[in-house]
Amino acid sequence: MGTQGEIKEKTRSKVKEPKRYNVIMHNDDFTTMEFVVEILVDIFHMDTVTADRIMMTVHKSGKAVIGSYTYDVATSRVNAALARARRQNFPFRMTIEQA
């Protein structure tokens, strides 16, 4: 028996990429450069050369985007960095904004 008269419909599902969020690091006069590099290496998984370069950009420009992540990743990394800064009594500041 045939399948005469049947219509097959093709469906395409488009996977929507999650929104990205920029993590912004802000300069202050009290947080040490060593601490900033440590945060970039330990929490944001950068190599030391990249971390040093970004730290200097923040130092000279007042702030810099240090990465773009999904919201959950951005917030968890920022929260980890800020918690470590509080434990060491640094007024370190990071913000998140939609990319």
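A residue is called buried when its relative accessible area is under 20%, exposed when the area is over 50%, and partly exposed in between (1.4 Å probe, protein chains only). The structure is a predicted model, in which local features need pLDDT of at least 70, side-chain atom pairs count only at pLDDT 80 or more, and totals for chains, interfaces and linings use all residues. Residues are numbered from 1 along each chain as its sequence is written, and side-chain values use heavy atoms, with hydrogens and water left out.

The chain holds three helices and three strands. These elements are DSSP runs, numbered from the N terminus: helices are H or I runs of at least four residues, and strands are E runs of at least two. Their order along the sequence is β-α-α-β-α-β. The radius of gyration, taken over C-alpha atoms, is compared with a globule rule of 2.2 Å times the number of residues to the power 0.38. For a compact globule of 99 residues the value would be near 13 Å, but the chain has 22 Å. The C-alpha trace spans about 80 × 25 × 20 Å along its principal axes.

Of the 99 residues in the chain, 35% are buried. Contact means heavy atoms within 4.5 Å. Among contacts between residues at least 6 apart in sequence, 74% join residues at least 24 apart.

Attention now turns to the interior. A nonpolar core is a set of buried Ala, Val, Leu, Ile, Met, Phe, Trp, Tyr and Cys residues joined through side-chain atoms within 4.5 Å. The largest such core has 26 residues, and those with the most contacts inside it are Val 23, Met 25, Leu 40, Phe 44, Ile 66, Phe 92 and Met 94. Two or more residues of this core come from each of strand 1 (21–26), helix 1 (33–42), helix 2 (48–61), strand 2 (63–69) and helix 3 (71–87). Leaving aside neighbours within four places in sequence, Ile 66 is in contact with Val 23, Met 25, Leu 40, Phe 44, Met 46, Ile 54 and Met 94.

In helix 1, the buried residues are Phe 35, Val 36, Val 37, Ile 39 and Leu 40. They pack against strand 1, helix 2, strand 2 and helix 3. An α-helix has 3.6 residues a turn, so residues three or four places apart point the same way.

Ala 81 lies in helix 3. Ala 81 counts as buried because its relative accessible area is 0%. Not counting residues up to four places away in sequence, Ala 81 touches Phe 35, Ile 39, Ile 43, Phe 44, Phe 92 and Met 94.

Most residues other than glycine have a negative phi. His 45, in the loop between helix 1 and helix 2, has a positive phi near 55 degrees. His 45 is exposed, with a relative accessible area of 57%. Asn 89 lies in the loop between helix 3 and strand 3 (93–98). Its phi is also positive, near 60 degrees. Asn 89 counts as exposed, at 68% relative accessibility.

The segment after strand 3 contains Ala 99. Ala 99 is exposed, with a relative accessible area of 61%. Ala 99 and Lys 19 are 80 residues apart in sequence, yet their C-alpha atoms are 7.7 Å apart in space. Ala 99 touches Arg 20, Tyr 21, Asn 22 and Ser 68, not counting residues up to four places away in sequence.
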